[in-house]
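This briefing covers side-chain contacts in one protein chain.

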Amino acid sequence: MAGAANDLKLLGMWASPYVLRVRLALSIKSISYEYAEEDLRHKSELLLRSNPVHNKVPVLIHAGKPVCESLVILQYIDDAFGGAGPALLPADPHERAVARFWAAFIEDTLVKAMNQASWSKTEAEKVEGNKRATAALNTLEAALRDVSKGKPFFGGDSTGYVDIVLGGLLAGVRAMEAMPGVKAFDPVTMPLLAAWADHFGALDAVAAVMPDVSKLVELFITMHAAVAAN
């Protein structure tokens, strides 16, 4: 997407779920921007200057001013581009608080458990991570039932903040599910999340920015080999 109209630039890395969150939000809201792929082994001067605290992607640069951290960036997009596309956060203060709660739960509980399950060195740690990830997904299954009120998304009829926060993990989940014996969103035990993933992934705005799952599988295999070798 060209970024001249909005003076908007996103520094990212194609496989990052955090970068994907931002790309999903911009795509869903039909906001044009310039995308700059970062080599995280040789970080650009612009990235180091824009995020001097963490030196990490994503960084959204709007009119020369950087915004860092994916959850912060999503809320900034909603505030700065309120007239573009659907709102990410609901207008009602309580509903906004609930959405922020579940986004924090995904970040603080689910993501940490999935990382433990995927990247721990010992089998015992991986098993424990899988248990924690399954428990977190079961909690999200119940949350989706409660907040969606029978509609397909956490945001109701259309995608919202929580959908995008969870949706950033979807490409990685699909890559893991491409490996034997892995089914994160089990349609038997988590029918609502499984249906949510299918509905979310089928949206044109989502498909337009989703990374290639086969490339992610290749990357994960390489990364697992590197972890095992250390």
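The points below are grouped by type of contact. The model is predicted. It holds six aromatic pairs and eight salt bridges.

**Aromatic pairs**

- One of the six aromatic pairs is formed by Trp-102 and Phe-105, edge-to-face, at 5.4 Å centre to centre and with 80 degrees between the planes.
- Trp-102 and Phe-105 both belong to helix α4 (residues 93-119), where they are three residues apart, about one turn of the helix.
- Trp-102 is buried because its relative accessible area, 15%, is under 20%; Phe-105, at 16%, is buried as well.
- Another edge-to-face pair joins Phe-185 and Trp-196, with 6.2 Å centre to centre and 85 degrees between the planes.
- Phe-185 sits in the loop between α7 (170-177) and α8 (191-202), and Trp-196 in helix α8, so this pair ties together parts that are eleven residues apart in sequence.
- Phe-185 has 5% relative accessibility and counts as buried; Trp-196 has 0% and also counts as buried.
- Phe-185 and Trp-196 belong to one aromatic cluster with Phe-154 and Phe-200.

**Charges over rings**

- Arg-23 is placed over the face of Tyr-35, 4.2 Å from the ring centre.
- Lys-215 is placed over the face of Trp-14, 4.5 Å from the ring centre.

**Salt bridges between separate elements**

- Among the eight salt bridges is that of Glu-34 with Lys-9, at 3.7 Å from N to O.
- Glu-34 lies in strand β2 (residues 34-37) and Lys-9 in strand β1 (residues 8-12), so the pair ties together parts that are 25 residues apart in sequence.
- Glu-34 is partly exposed at 40% relative accessibility, and Lys-9 is partly exposed at 24%.
- Asp-78 and Lys-29 also form a salt bridge, at 3.5 Å from N to O.
- This pair links distant parts of the chain, 49 residues apart: Asp-78 is in helix α3 (residues 70-80) and Lys-29 in the loop between α1 (17-28) and β2.
- Both Asp-78 and Lys-29 are buried.

**Salt bridges in a network**

- Glu-177 and Arg-174 meet in a salt bridge at 3.0 Å from N to O.
- Both residues lie in helix α7, three residues apart, about one turn of the helix.
- Glu-177 counts as buried at 15% relative accessibility, whereas Arg-174 is partly exposed at 25%.
- Salt bridges with shared partners join Arg-174, Glu-177 and Asp-198 into one network.

Definitions and conventions: Residues numbered from 1 in each chain as written. Predicted model: local features only at pLDDT ≥ 70, side-chain atom pairs only at ≥ 80, totals over all residues. Heavy atoms only, no water. Phe/Tyr/Trp six-rings, centres within 6.5 Å; stacked < 30°, edge-to-face > 60°. Helix = DSSP H or I, 4+ residues; strand = E, 2+ residues; numbered from the N terminus. Buried < 20%, exposed > 50% of the residue type's maximum accessible area, 1.4 Å probe, protein only. Lys NZ or Arg CZ within 6 Å of the ring centre and 35° of its normal. Salt bridge = Lys/Arg side-chain N within 4 Å of Asp/Glu carboxyl O.
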